[in-house]
Amino acid sequence: MIEKIQELGVVPVVVLEDAKDALALGRALCEGGLPCAEVTFRTDAAEESIRIMVNEFPEMLVGAGTVLTIEQVERAVAAGAKFIVSPGFDSEIVDYCLEKGIPVFPGCVTPSEVAGAVKRGLKVIKFFPAEQFGGVAAIKALTAPYIGLKFMPTGGIGPKNLKAYLECEEIVACGGSWMVKGDLIRAGEFDQIKNLTAKAAAMVKDVRGEYIDIENHKEK
């Protein structure tokens, strides 16, 4: 799964207010070249939206974001989520996911939080909110003592700075919502979402090639 996320380079972070939009959004993401979504548990529609995307687009890698409780973990996984993302380092959620064999990416921005993740054997963690906490420079500083650790930054990332993040060897992929903004979803502008998604996918290809194995620095 990490290889797939690394290959995609960008994980669309989705907030859906109505599950009826999940089908059209999933299609737009797949046709745009990013068959992946982190569906955030910020709305009541999250669980059903995950279920729809998983059932209708088996090629998609669908996870749950903004997960704040174990109950949400259970609901997300029952709906078909393949990974869990939390905004901060919640040891209870992390330990539960590890016990159940559920891939989890907790948000870490301090050495203490990173240490907690490393102690539990995590190899990839979230960095949120990325821009507000120092961006690429901060990530490089954190990986200096924690050799081999990789990050998935989210927060403040968009077309203007995506390239800088993708060029960083310590970054597996970037989370972002610029191609799936709420106003576009509410307006039914799924062709626009598809176009923005395609541009993001093209930027990944331009920076990394078809697929670059960051761990071994090889293009595939």
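Phenylalanine 83 and phenylalanine 105 are both buried, where buried means under 20% relative accessible area, exposed over 50% and partly exposed in between, with a 1.4 Å probe and protein chains only. The model is predicted, so local features need pLDDT of at least 70 and side-chain atom pairs count only at pLDDT 80 or more, while totals for chains, interfaces and linings use all residues. Residues are numbered from 1 along each chain as its sequence is written, and side-chain values use heavy atoms, with hydrogens and water left out.

Two aromatic pairs are found in a search of the whole structure; rings of Phe, Tyr and Trp (its six-membered ring) pair if their centres lie within 6.5 Å, and planes under 30 degrees apart count as stacked, over 60 as edge-to-face and the rest as tilted. Phenylalanine 83 and phenylalanine 105 form an edge-to-face pair, at 6.0 Å centre to centre and 65 degrees between the planes. Because phenylalanine 83 lies in the loop between helix H4 (70-79) and strand S4 (84-86) and phenylalanine 105 in strand S5 (residues 104-106), this pair ties together parts that are 22 residues apart in sequence. Helices (H or I, at least four residues) and strands (E, at least two) are DSSP runs, numbered from the N terminus.

Phenylalanine 127 and phenylalanine 151 also form an edge-to-face aromatic pair, with 5.9 Å centre to centre and 90 degrees between the planes. Phenylalanine 127 is in strand S6 (residues 124-127) and phenylalanine 151 in strand S7 (residues 150-153), 24 residues apart, and the pair links these distant parts of the chain. Both phenylalanine 127 and phenylalanine 151 are buried.

Threonine 40, in strand S2 (residues 36-40), counts as buried because its relative accessibility is 1%.
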